[in-house]
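Hi there,

Here is the structure I promised to hand over, followed by some notes on what turned up in it. Have a look at it first, and then read on.

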Amino acid sequence: MTSRFARPSPGRRKALSRVEDVPGGRQALEWLLETSDLKRRPSGTMLNRLLPQSPRGFFWQVGSNELENLVKETIRSNPRPPPHLGTILCGLGELAARCHADIRTPIARWLSRHRRLINLQDVLHEAATARAPRPRPISGRDRQRTALGIGTVAYILSQNSLTPELWATSGKLKAGRIRLSSMRHGLTFVARLALMINSQTLMCWTRTTADQGDRWAVIAMLEEQVLWSGNDAERIAGALLDARDPLCTALAARLLVDPPILGSVPPLATSWNRLVAAGVSQEDACWLCSPAITVIDQRAREGAARFDQLQKRRMALGEDRLDRSALSAEIARIEDQLVVARAQQAENDAARTGSRPAVADMLRRSVISPEKWQLILEELPHTPAERHALADAVGKGEARRQLLSRIVSDLRVAIGTETDQDFADHFLLEQRKFQEISSGAALATVALATDANKNIGKATSQAIFGLVGAAQKALAEPFLRTRRFTRWRSALSRHACAVAFAFAVAEAVPEERRAQISRLVATALDHAREILRQTPEPFVADEWWFQHLCICTVRWLQIENRHDEIEAMAKDIGLPAWARSLAIWSNPAIASRHTPLALTLFGKANARWPGETATLAQSVRAVAALDLAVGCCGTEAVIDGLTPIWREIIVSWGTAVDTGWSVMAERLIGAVRGDEPARSQVLADGRFDRSCCRSTIGSSGGPATG
């Protein structure tokens, strides 16, 4: 072979010099020319087509068709692998990186036929040690990128088992957020072939024999394979599972649960069985498959959004017209896309329906340690409604207890139930978030106590006892509000949320078990009055828990038929005006007996305080108070005195509210009393769909819908 290039022409000499700049390039080209039937052709013409003229430099090109045909001819004429196979494959990989030829598939099939004659570790070692005669200079930026890549790969390979860190890293690799791109195209090509032939040998060589740079190239290849797997996701996942390596197992699970293609994901039971068959324990398989519900839900939402977008585009084009061929072609194309999108949406809906029973069955029949349960719960949907649905699908057992306990644990974390709580941080929990978590935790507490045959009130007290005790101890410090305002505000807010949670549990208890919460309700009412007495005036609008606690207190005093305590609460000058006004207007008899006090408290509680910022969000409390007062006392004579007070309240809020609000009191009173057109106007106003006045109108007779 040396004689063929002993006296090369100038053009051929330039082409060969480019080949010699890459590791194994000349050996690969010599092997192709010696063993191929094309060697009878003039070498200069073939080389000119294989290596077209281009400016000398690192980024030169190779003829795609010529290389692909040459490789196929060589494979057909070669009975067995040649010596120095690793160096030749490395050179072929470097050539393939400079064109668009697909030579990996025929070479992989050829090597698979002769796998018994090949020592794959020796091939990898030869490819790793192949060096270019004239290596290109390395810039400072390349050195920095190499150092970062080697460090990242060392951290990844330091995980010798399935750990949360390795699972998180596999997610970043699948999403392409690490970007471990290596310039060693030859070794990457050989590693890709090894992954298809014997992935277990590849990972064994990577962890035991390869140096830092070689490991970087292998992990970069895995990242590229997973990132661009596409329709080959299941095949690549199977090759990764055959490696029996923690990193490959995590990447395979990512591909099985969330393949990078449009449409539905594979059945969850199939993915779980493949992981278990590959040697993954049942609890680890449950952990790796647990993100499936979130993935399926997200794909269903994306599919529905894509279908809606196509429908809007189709409607925007209007009717099909024969005289407008371009428009007709576009309409036909969109309708074809609609058919595909509708089919994908049906698949997504079916997968969404079957995902929760599949996960429930998976969790039900597996023995899972407490540590692994924490990892599984982190991957499952976090909303209380989703966890309740999954717990109901599980039925009974440890899986149900873990799911329900996590809902209660989320509430404890949100409001802070540690007994050593120093309340040094701000309490920033939003009302909507608290109500979602609180209602879910209340249902979970009742379910857990029912399953374990425990007293519901006692179980609730045990859940919040630590926080309540710590808050009471902190609030008992002298001058806490002036000396440490943040600590005072945090302790009071968290204490109020704990008491509100007790009321939520009492609300969720079925009627036949109400006897178990009688002591819980009485204790919660005592704590609520204690909290309200420590709430100063003027009322701070962003303290949403104050309104919530006032409403819960008055509501449960009414449920318990403690009307004398409601009247005492209205007369208690130590309570805030808004709480007193709520108490007196919630009972028509009390409001009628104490009309001057009721009108005074309503005006004081809902008018803008001096120095208070006039915003719409803060003025809404006045609308809520008016709705309650009219809804409860709208048919009583005491409500007539509320109209002038309401107008003064609207004036105090200035431009923060609409001027049309000034007639809201007359309109609501007329609607509750059945006067027209006020009744029809309120029923047609969507803002009052869930109001107290709407409930009163519906219960007073006649239709409750406008």
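Let me begin with one tryptophan: Trp488 counts as buried, at 9% relative accessibility (buried means under 20% relative accessible area, exposed over 50% and partly exposed in between, with a 1.4 Å probe and protein chains only). Before going further, please note that this is a predicted model, in which local features need pLDDT of at least 70 and side-chain atom pairs count only at pLDDT 80 or more, while totals for chains, interfaces and linings use all residues. Residues are numbered from 1 along each chain as its sequence is written, and side-chain values use heavy atoms, with hydrogens and water left out.

Back to Trp488. Helices here are DSSP runs of H or I with at least four residues, strands are runs of E with at least two, and both are numbered from the N terminus. Phe485 is partly exposed, with a relative accessible area of 41%. The charged end of Arg481 sits over the ring of Trp488, 5.4 Å from its centre. For that label, NZ of Lys or CZ of Arg has to be within 6 Å of the ring centre and within 35 degrees of the ring normal. Arg254 does likewise with Trp167: its charged end sits over that ring, 3.7 Å from the centre.

Now the aromatic pairs. How many does a search of the whole structure find? The search gives 7, where rings of Phe, Tyr and Trp (its six-membered ring) pair if their centres lie within 6.5 Å, and planes under 30 degrees apart count as stacked, over 60 as edge-to-face and the rest as tilted. One of them is the tilted pair of Phe434 and Trp544, with 5.3 Å centre to centre and 40 degrees between the planes. This pair links distant parts of the chain, since Phe434 belongs to helix α22 (residues 431–451) and Trp544 to helix α27 (residues 544–559), 110 residues apart. Phe434 is buried at a relative accessible area of 1%, and Trp544 is buried at 12%. Phe485 and Trp488 pair as well: their ring centres are 5.5 Å apart and their planes stand at 35 degrees, so this pair is tilted. Trp545, Phe546 and Trp578 form one aromatic cluster.

On the chain as a whole: the protein chain has 36 helices and 0 strands. Of its 706 residues, 51% count as buried. Among contacts (heavy atoms within 4.5 Å) between residues at least 6 apart in sequence, 72% join residues at least 24 apart.

The largest nonpolar core has 214 residues, and Leu92, Ile107 and Trp585 have the most contacts inside it. Such a core is a set of buried Ala, Val, Leu, Ile, Met, Phe, Trp, Tyr and Cys residues joined through side-chain atoms within 4.5 Å. Helix α25 gives the most to this core, with 14 residues. A second, separate core of 5 residues includes Phe307, Leu310, Leu338 and Ala341. Leaving aside neighbours within four places in sequence, Ile107 is in contact with Val71, Ile75, Leu89, Leu92, Phe189 and Leu193.

Cys633, in helix α32 (residues 616–633), is buried at a relative accessible area of 0%. Beyond four places in sequence, Cys633 is in contact with Trp585, Asn587, Pro588, Ala591, Val638 and Ile639. Arg387 lies in helix α20 (residues 384–394) and counts as buried at 3% relative accessibility. Not counting residues up to four places away, Arg387 touches Leu377, Pro381, His382, Leu403, Arg406, Ile407 and Asp410.

Finally, confidence. The protein chain averages a pLDDT of 84, and 88% of the residues score at least 70; pLDDT is the predictor's confidence in each residue, from 0 to 100. Over residues 38–42 the pLDDT stays under 50, and the model has 6 contacts beyond four places in sequence for them. Residues 701–706 are also below 50, with 11 contacts in the model beyond near neighbours in sequence.

Best wishes
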